[in-house]
Amino acid sequence: MENLASKMRERLPAELIAFLRIAGEGAEAQGQRLYLVGGAVRDLLLERPNLDFDLVVEGDAPRLARQLAKGEGIGGENEKGGERVTVHRQFGTAKFRRGNLSIDLVTARSETYAKPGALPTVQPGTIRDDLLRRDFSINAIAIDLSPASFGQLVDPHGGRSDLEQGLIRILHERSFIDDATRILRALRYEQRLGFKLEQNTERLLREHKSMLDTISGDRIRHELELILKEDCPEQILERAQILGVLQQLHPSLRGNGWLAERFREARQKATPDPALYLLLLVYPLSEEEIEHLIARLKIVGELERNMRQVPRLKGDLTALADPTLLPSGVYRLLKHYPPGTIAACALACDSPIIRSRLERYLNDLRYVKTSLDGEDLKRLGVGLGPRLGKMLEALREAKLDGRVSTKEEEEALVHQWLGGNLK
Ligand code: ATP
């Protein structure tokens, strides 16, 4: 069996290796066995950086965590010397943090699924049980951290060979039925790593894609967010469309060339934002379809508001094409829309004039402030009431259109209004 100790020394921070050795010895002293598992092992073999380390103990994770917390170089239950240990007795887990290193420690467990899409029933198990409950062979590899076999690979599902062949493979025929979030995870890993779905896995994925309906909105939304945080989410969405997975979330969603172009443009302009990507994804949908998706994915808060405004702003966009429209008119049309919605529409719309006006509003018009405020207007003789608000707004519009630029000009305009016009 292959030993990865020298590869670990080459690729992982020395302080982490030292910690893993101490932890492995500590586990052995308690009659337990410790393993490094999951994404960190996969990425070590692929020589990709990964600073999230998952450790699995055959035995009792909190017991080991408490002992490690007392030992050299690891802080206590609270912050100490930049290190942190948190123990969750009831979940059988613990977390260590140091700088940007994050180490999770859990008890090995086996899982059974009472019904598709539900969370599994878990009980303590062996490392092999723990690997068997995982999503794909490439994530089901462990490295033994016991002193006598430190670095030894535990690979019961051929994950090493699948890594070499570039294959995403589920571990058993019912995998997508038990937990259909794996359908979305499969596509995410496939595109991130430039891999392919193994033939039987692809067949079962197509066959069982309707099982996505058994997954709660929160879990689907979480997986969608993970997709949108990847470097090129458009590739995952395109693949999801080809396989009919995207349509399973909502029949009107499309991962097409139009979307890919918009995503790429969004990335050129600024740091990618999953919320902006999602607004672009729903841009072609009707109001009713968006409502459906908000309910299905349980979207709340700012994103919910921004999504809801997309079809409304789309309906107002043609008014922005009027060549005689002044900056104040642009401002008036857009001031009630959230910036997130406007940013998405600016990327999505095809008309250069509409797009430039949306961008001008976002970058400039919405920040324009008058020199005079409400107090100044009162001082100039404007009484309290709706008239004061109206006058402030009119002053802002005058400034937007360049009719006033200095404080004195604003005061002169207010005097003029008080003399007659805007009562
Ligand atoms: P990433 O893969 O995004 O770099 P990661 O591999 O650490 O990170 P997580 O989502 O943090 O992935 O999950 C940790 C491990 O838990 C995975 O490697 C995988 O083995 C397992 N896992 C996560 N979600 C599932 C699931 N739905 N079904 C089975 N195993 C899962």
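I began with burial: 50% of the 423 residues of the protein chain count as buried. I note here that the model is predicted.

Next I looked up the accessible surface. The protein chain exposes about 20100 Å², and 50% of that area comes from carbon and sulfur atoms.

I then checked the overall dimensions. The C-alpha trace of the protein chain spans about 95 × 50 × 40 Å along its principal axes. I found a radius of gyration of 29 Å for the protein chain, whereas a compact globule of 423 residues would have one near 22 Å.

For the domain layout, I recorded domain 1 at 5-164, domain 2 at 249-367 and domain 3 at 374-419. The centres of domain 1 and domain 3, taken over C-alpha atoms, are 66 Å apart.

On secondary structure, I listed 22 helices and eleven strands in the protein chain. I also looked at contact range: among contacts between residues at least 6 apart in sequence, 65% join residues at least 24 apart.

I then turned to one residue, R42. I located R42 in helix α3, which covers residues 39-46.

For the side chain of R42, I noted a polar contact with the side chain of D43 at 3.1 Å. Which residues does R42 touch, leaving aside its neighbours within four places in sequence? I found R42 in contact with N50, I138, N139, L163, Y189, R192 and L193.

Notes: Residues numbered from 1 in each chain as written. Predicted model: local features only at pLDDT ≥ 70, side-chain atom pairs only at ≥ 80, totals over all residues. Heavy atoms only, no water. Helix = DSSP H or I, 4+ residues; strand = E, 2+ residues; numbered from the N terminus. Polar contact = N/O pair within 3.5 Å; in protein donor to acceptor, adjacent residues only side chain to side chain. Contact = heavy atoms within 4.5 Å. Domains from an automatic or database assignment. Rg over C-alpha atoms; globule rule 2.2 N^0.38 Å. Buried < 20%, exposed > 50% of the residue type's maximum accessible area, 1.4 Å probe, protein only. Areas by Shrake-Rupley, 256 points an atom, 1.4 Å probe, with all protein chains shown as cover.
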